[in-house]
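Colleague: Could you take me through the contact between the two chains, with the cut-offs stated as we go?

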Amino acid sequence: MNKNITRRDFLKTTAILGVSSTLNAVDLDLKSILWDEEVDVIVVGSGLAGTVSSIYCAQNGLKTLMIEKSRQIGGSSMLSTLEMSIVNSPMQRKANIVDFPELLAKDMNKAGRGLNQYEHSLNIAKNSTRAMEFIVNKGANFYQKVKWEKGHSVARTICPVDGGARGVMQPLHKHLFSLNEVSLHVKTQARTILKDNTGKVIGIEVLKYDKKSFKTYRYKAKAGIIYATGGYSRDQSFRTIQNPLVKYISSTTHKESKADALKYLIQAGAIPVHLSLMRFAFSIPMDIMKYGCMLNLKTSSRFVDEGSSRQELAKAILMSMSENNTKKYPIIVYDTNGVNSFADNGLLKQYFKTKIIKKFSSIKEICKHYALNENKVAKEIITYNRFVKSGIDKKFNKFFSSNIKDINKAPYYTITIKPKLNYTQGGVFIDTKARVIDLLSNRPIENLYAAGEATGGIHGYSRLISCSTPDCLVYGLIAAEEIVKKFKMQ
Amino acid sequence: MKFKFTTISIKSKSLIFVLILISVLFLILYYQNKMSHKSYLNQVETEYTESFNNYYASFTADMLKYYSTQVGYFSENKILEHIKTNNNQALMNHINYVFNNLKPTNRYLKNISFIKVNSKLTIDREEIRFDEDILKTYNPLISNINNRDRNLVDLVVKDDEVYYRLLSGVFQNYELLGVVEFLINAEVLLESIKNFDGSKGFIFFKTYGEIFKKYTHLDDKEYSKFKNVAFKNINDNKLFKINQQYFVVKVFPLLDVDKTIIAKTIFFLDVTDKNISYEKSLKKTIYFSVFLFILAAFIVNYIFHYLITRVEVSENKLKILNINLENRVKEETDNRMQIEIKALQENKEKEQLLINQSKLASMGEMIGNIAHQWRQPLMQMSAILMYLEAYGENKKLTKDRLLTKIEEGNSLIEYMSSTIEDFRNFYQLDKQKEQFFIEDSLLNALTIVNASLASHHISIDIKIYDEQMATNSYKNEFSQALLNVISNAKDVLIQREVKEPCITISLYREEGKNVVCICDNGGGIKPDIMNKIFDPYFTTKHAYQGTGIGLYMTKMIIEKNMNGSISLNNRESGACFKITV
């Protein structure tokens with residue numbers, strides 16, 4: 001390729017150099033731009049939100065280009081169960097469960113501790129059924145049941161058949177690529193957002209990977225660009241800047257969940273929101289934590305109420321690790337009674353098989369194995385047992401229900417507790433029409449939309465379970481609807 | 001071999017025999033031991049089956065009973081109202097409440113569902129399902145639930161697990177509003193049985209993928225230990241050895257409500273203790289047997305050795321004896337002969353001595369008899385001499401008177417001289433046999449003893465029944481013999497001082513032989529000494545009177561020299577000697 005460098009190529013390269021070094025995206029000389037591709041809509045990201053937007057745009061006759069950074073499409077959505085909370089879904093109605101959007105919004109607000117934008121929550125709740133019906137029409141398949149998840153006032157979660165990838169993503173992708181107006185570029189990363197002089201977004205610069213080289217292209221989007229780029233859970237440097245506690249932890253998300261798109265959005269003037277707020281997950285159920293005593297491996301001491309919520313627990317673990325400058329994750333020590341209290345008795349066997357749980361004949365052995373201070377551990381356990389007996393945790397105010405017992409029956413068991421990064425609530429701020437708001441003017445940036453995890457401020461402190469999917473659905477759909485509406489008016 | 005066997009020594013043969021006996025005994029012991037253990041295992045197994053069946057029945061009954069009472073949670077008016085008004089969220093809340101109440105004490109409780117038959121809904125603590133298929137699986141069961149039989153227990157495979165499904169009807173005014181389903185992991189059975197009798201085991205079943213799924217309260221190590229054994233021999237009730245532990249394996253089918261086998265349980269009943277003790281005892285018996293065997297071999301060896309060497313020694317001795325026996329016999333007989341010859345010689349010498357003695361005694365007697373014979377003539381001679389002296393003093397001695405007296409004296413001397421002659425002849429031993437009359441011989445004897453008898457006033461009565469009794473023999477010896485018998489009678493008569501002593505002598509012939517019978521009236525001989533009367537040196541008399549040889553000599557003379565016989569018997573008056581020649 002290098003042998004036949006065209007003028008276009010040359011220009012491109014110099015332009016990029018110019019952009020990245022000295023110029024703002026908006027200051028480009030429009031007339032000098034030569035587009036490699038011209039479409040109506042560019043959808044960045046092939047996850048659920050992006051797929052929904054693409055389908056809507058394409059089926060309404062807009063020429064749609066979907067670009068995906070990695071080799072495969074689907075992103076983190078392929079890894080998720082995509083269970084979704086839908087208000088007044090057919091299943092809910094069939095089950096005769098009374099639900100209304102305000103109730104879901106309230107639940108979300110509760111989980112978000114008020115940091116969430118209520119109108120967004122309400123918007124999601126109101127449009128959830130519509131969005132769901134949209135994907136059902138496109139082939140998404142759901143179980144004939146309604147699930148009651150924690151944190152929800154009523155049973156409103158519906159579950160895709162055989163998980164998110166099979167039940168939702170595959171039928172939607174199948175539908176999407178059956179449409180003529182759609183084209184897909186994989187291994188293509190969205191970079192600088194190109195604006196004209198009025199601040200209107202007119203296109204995008206992309207970087208196309210090859211086996212040996214990469215090249216920059218410019219794509220023109222006549223109607224608009226939708227950013228459905230997901231979160232940045234895997235972007236270690238960026239997330240550490242936002243929240244130093246999460247420097248070392250691993251994530252359950254797709255490996256390409258990086259913050260690059262977010263950075264270009266911010267560069268384009270978007271308002272970053274809640275970038276330090278993150279949602280954690282544990283590989284073991286939360287409800288078995290409370291039966292044991294959690295110990296920091298460096299200080300050999302107890303540091304948290306084991307029964308606290310997953311956000312709090314994860315935060316406490318990370319705090320404790322950070323304070324004591326250790327990379328070692330804490331352990332929970334169970335005795336036989338503790339292990340027997342697990343609600344799901346199949347768990348224990350599964351854990352033994354996967355070697356998640358370790359068995360010890362005595363506390364001493366545990367200390368030896370983890371290089372703990374024996375006296376300290378013994379003291380901690382004695383104190384803990386005293387708290388259990390008295391029913392009052394003087395240190396961390398743990399609530400001792402009747403089935404939490406003191407730790408004294410050998411053999412003992414330990415599980416290493418690793419919080420994992422599951423979701424980043426932070427992103428760019430959008431209005432209820434999925435338009436990205438400009439930081440300076442506080443008005444929507446024309447033709448720039450965002451949906452899904454790429455947005456911020458919608459969920460707040462913690463995202464309510466099974467509410468990410470309706471977020472993606474609703475805002476993916478709304479963004480597409482807005483573009484289509486505007487395009488058709490012109 | 002046979003030839004060889006026969007060549008084995010007696011010792012080895014008997015040793016082998018005894019040892020074979022002992023080994024057979026031990027084999028029998030061993031076999032008995034083994035059989036008893038086998039029967040023990042059989043018994044264990046049958047008992048185990050029985051106890052399992054009983055236990056299983058009571059286990060399911062208890063479970064059903066327990067959970068059917070928990071249905072009371074759903075009979076509250078409020079809840080019934082929720083059910084009726086289809087307030088499913090409230091019902092769900094309630095199910096969660098019930099579940100959270102029950103779970104801490106029922107570890108294996110998996111789920112609680114409420115099945116609304118009419119609205120085709122299944123509500124559990126997390127979900128509300130409306131799948132027609134699920135209802136289809138319930139329908140036949142629910143049709144079994146009525147006002148009378150409100151509860152039902154079933155076994156079901158779900159999500160790759162086996163569960164006990166307990167269905168219990170919720171009624172209001174005899175109207176079935178719904179059914180409560182408790183799902184309990186079948187592992188509860190394993191746990192329960194483990195607590196009951198300590199037997200370990202697992203449940204296995206086939207899922208759609210034809211894969212054996214298992215539940216077990218064994219940890220992974222134990223499971224992998226048991227797995228191979230159990231699945232290989234799934235229908236066998238055998239004894240298994242796993243890591244030096246012994247187990248009786250028993251497979252029980254678990255049936256659902258239609259009596260189809262949903263899963264099977266395998267239990268491993270630990271019989272290690274029993275088996276180890278059995279093996280120990282077996283080892284002990286073997287050790288003991290070997291020990292006894294060796295001991296017996298030693299003992300038998302030594303005892304047999306001892307006994308057999310003794311036998312062999314005596315056998316050898318016998319052989320040697322046999323070889324030397326003839327020589328011995330010869331030597332012995334020679335010795336005997338010599339001894340006998342010696343004895344004969346001695347006897348002869350003795351006899352000679354006796355004869356001499358008897359001769360001396362006869363001499364004494366002869367002198368005594370001569371004295372008796374001569375006393376009177378000597379007195380007459382003295383009287384003659386006294387007559388001659390008296391007539392000489394009185395000068396009346398005439399020539400006639402003197403001549404007469406000398407004549408008298410000469411006849412006396414002549415008489416005495418003839419007496420001497422008689423005696424000399426009498427005691428002279430006969431050189432050769434001669435023909436003589438018994439009567440003459442008797443008279444000769446009487447001549448010798450006559451004077452002695454007269455001096456003791458012993459009368460002689462001679463009765464001769466047969467005349468001319470003659471014999472060819474030694475006359476003087478016979479006379480001496482008679483004399484001895486007469487002298488003996490005389491001595492007895494004198495010794496016993498018998499009134500009117502008398503010796504009767506009868507002569508007669510009997511069966512062609514001559515018999516002299518000499519009887520006295522001295523009262524007879526005591527029967528106890530009758531046999532000894534002819535023994536030499538036997539006497540009842542005082543030492544000065546007799547030598548004890550007389551009758552012995554008589555017997556010798558009669559029996560040996562004359563081929564006659566002498567016998568003795570008692571008659572009324574006294575003893576009677578019968579001499580037959």
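What follows is a short exchange about the interface.

Modeller: This is a predicted model, in which local features need pLDDT of at least 70 and side-chain atom pairs count only at pLDDT 80 or more, while totals for chains, interfaces and linings use all residues. Residues are numbered from 1 along each chain as its sequence is written, chains are lettered from A and ligands numbered from 1 in the order in which they are written, and side-chain values use heavy atoms, with hydrogens and water left out.

Colleague: How much area do chain A and chain B bury between them?

Modeller: Taking contact as heavy atoms within 4.5 Å, 23 residues of chain A touch 27 residues of chain B. Buried area is the accessible area (1.4 Å probe) that two parts lose on being put together, summed over both. Of that area, 49% lies on carbon and sulfur atoms, and the total for chain A and chain B is about 2,000 Å².

Colleague: Which side chain meets A:K145 in a salt bridge?

Modeller: A salt bridge requires a side-chain nitrogen of Lys or Arg within 4 Å of a carboxyl oxygen of Asp or Glu, and the count between chain A and chain B is 1. At 2.6 Å, N to O, the partner of A:K145 is B:E127.
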